[in-house]
Amino acid sequence: MSAIRGLAVRAATRTLAACGDHVAQLYVPREDPWPVYGRIRRHGPVYRSVMGYAAVTSYELCSRVLRGQGFGMRDSAGRLPSEQQLPLGLAPSLLELDPPDHSRLRRLVAPAFRPKLINEYRPRIEEATARLLDRIDGGPFDLIGEFATPLPITVISELLGIPENRRGEFARYGTLTGQALDGQLTARQWAEWEAALAAMTQLFTELMNERRREPGGDVISVLVNAVDGEQVTVGEVIATCLLLLIAGFETTVNLIGNGVYQLARRPEQWRTLRENPELAAGTVEEILRYDPPVPVTGRVAQDDVELGGRVLRKDTQVLTILAAANRDPEVYAEPDRFDITRTGGPEHFAFSSGVHYCLGAQLARIEGEIALRALAERLPRLRRTGEPRRRSSASIRGFSYLPVAA
Ligand code: HEM
């Protein structure tokens, strides 16, 4: 990926979007993309774009594509659609692999995310949350920069066992990769990102050597053990650690940011949460349903396949619009209403579905719940004080700046 290629692709996509291609319109970040999803939905079960993609919006078809046998990450030549390549460098990550490699790697990492282990992080997440809120003195502040960003970085650093003195570097790499995902890096920032990638690779190599000498209960210890059993390569371990940083950080920050944004727009819902902080877990689910941080993902047809009454040729890329399926009127009552007391309806698709179902879902839920509960209890007068700035990414939905006052 290069800055120039990224610019060329963006220019072509904008032209197609202006010509009315709804899939191209998905790649143009906007405050409210639901009208575009609605237009795609009205076309019928499967929308075909001049860009060659198919797109589905219904709960049923998203589920079929994500859970079905006939779809995978790569095409028959083993290529990954360019927009699904994460700018991580190195070996392919879990999200870029199909079974059996995906199953092998996932089996090795999954034990570190067992519900019992993840639950043990609760007190540390509560402590980190309290420390961040202690620094807020009641005046105006940027919710993203001062709370929603540092919290997940701290949690993922704990999970991976990143030493305190390397956490700043780790966060810087995360931020640069986030900007790369937004397609916003200048040539100088690309060079910086490459340098940061080299530093991260070195950091993880050093940590692997340390954990080999002194194993702990963290993810790196689990993975080093697997390298020694020759079940996974060193490159795969490093790619997995980087994926955990990006997947765990780029998403949870937006769960918190999008959540506060939606609650601040609806004072009555904020009051309900303040008066009933035990609703925090349900509030997290409603935020994820209503305004998910990852609005779209995709798969490739592994063979000619029938979908929604149409035949898709082998290697067709199918976009599953998770944010649209989360508001499928066939499945959710009053889907466009944000309601933190909502009950009924199946689990939303914010964490995807099938073999790539988010490995960090439980951790994200706990982080979100603790963060919202603490905000409601400690900053009951929290309100927006100015215009927020949206990230320019179409693949990650959230804010880079959200001014509030406590
Ligand atoms: C609100 C927060 C989060 C959201 C919305 C989210 C969303 C997602 C989605 C949509 C996918 C699957 C994409 C696809 O099917 O193509 C995914 C996969 C993944 N997520 Fe998350 N995620 C979140 C938090 C986390 C956290 C905290 C971690 C780890 C610390 C994490 C680690 C992963 C990993 C490792 C995968 C790849 C799983 C695989 O391919 O088998 N995520 N996430």
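Biologist: Which protein atom is the donor of the iron atom of the ligand, and at what distance?
Modeller: This is a predicted model, in which local features need pLDDT of at least 70 and side-chain atom pairs count only at pLDDT 80 or more, while totals for chains, interfaces and linings use all residues. Residues are numbered from 1 along each chain as its sequence is written, and side-chain values use heavy atoms, with hydrogens and water left out. Donors are N, O and S atoms within 2.8 Å of the metal (3.2 Å for Na, K and Ca), and sites may look incomplete because water is not among the atoms. The only protein donor of the iron is Cys358 (SG), at 2.3 Å.

Biologist: Where is Cys358 found?
Modeller: Helices (H or I, at least four residues) and strands (E, at least two) are DSSP runs, numbered from the N terminus. Cys358 is in the loop between α16 (322-325) and α17.

Biologist: Which element gives the largest share of the shell around the ligand?
Modeller: The ligand is surrounded by 29 residues, each with a heavy atom within 4 Å of it. Two or more shell residues come from each of α5 (101-109), α13 (234-264), β5 (296-301) and α17 (361-378). The largest share, seven residues, comes from α13.

Biologist: Which strands stand at the edges of the open sheet of three strands?
Modeller: Two strands pair if DSSP finds at least two bridges between them. The order is β4-β12-β9, with antiparallel pairing, and β4 pairs with β12 (residues 403-405) over three bridges. Each edge strand has a single partner, so one side of each is left without a neighbour in the sheet; these strands are β4 (140-142) and β9 (383-384).

Biologist: What is the volume of the largest cavity?
Modeller: On a 1 Å grid over the protein atoms alone, a cavity is a set of points where a 1.4 Å probe fits but cannot get out, and lining residues have an atom within 4 Å of a point. Points are joined across faces, edges and corners, and a volume is the space filled by probe spheres set on them. The largest cavity is lined by 16 residues, with Pro29, Arg30, Pro33, Ser393 and Ala394 nearest its centre. Its volume is about 180 Å³.

Biologist: Which element supplies the largest share of the lining of the second largest cavity?
Modeller: This cavity has a volume of about 40 Å³. At least two lining residues come from each of α7 (122-134) and α9 (150-160). The largest share, four residues, is from α7.

Note on methods. 1 Å grid on protein atoms, 1.4 Å probe; cavity = no way out; pocket = protein on both sides within 12 Å on 5 of 7 lines; lining within 4 Å.
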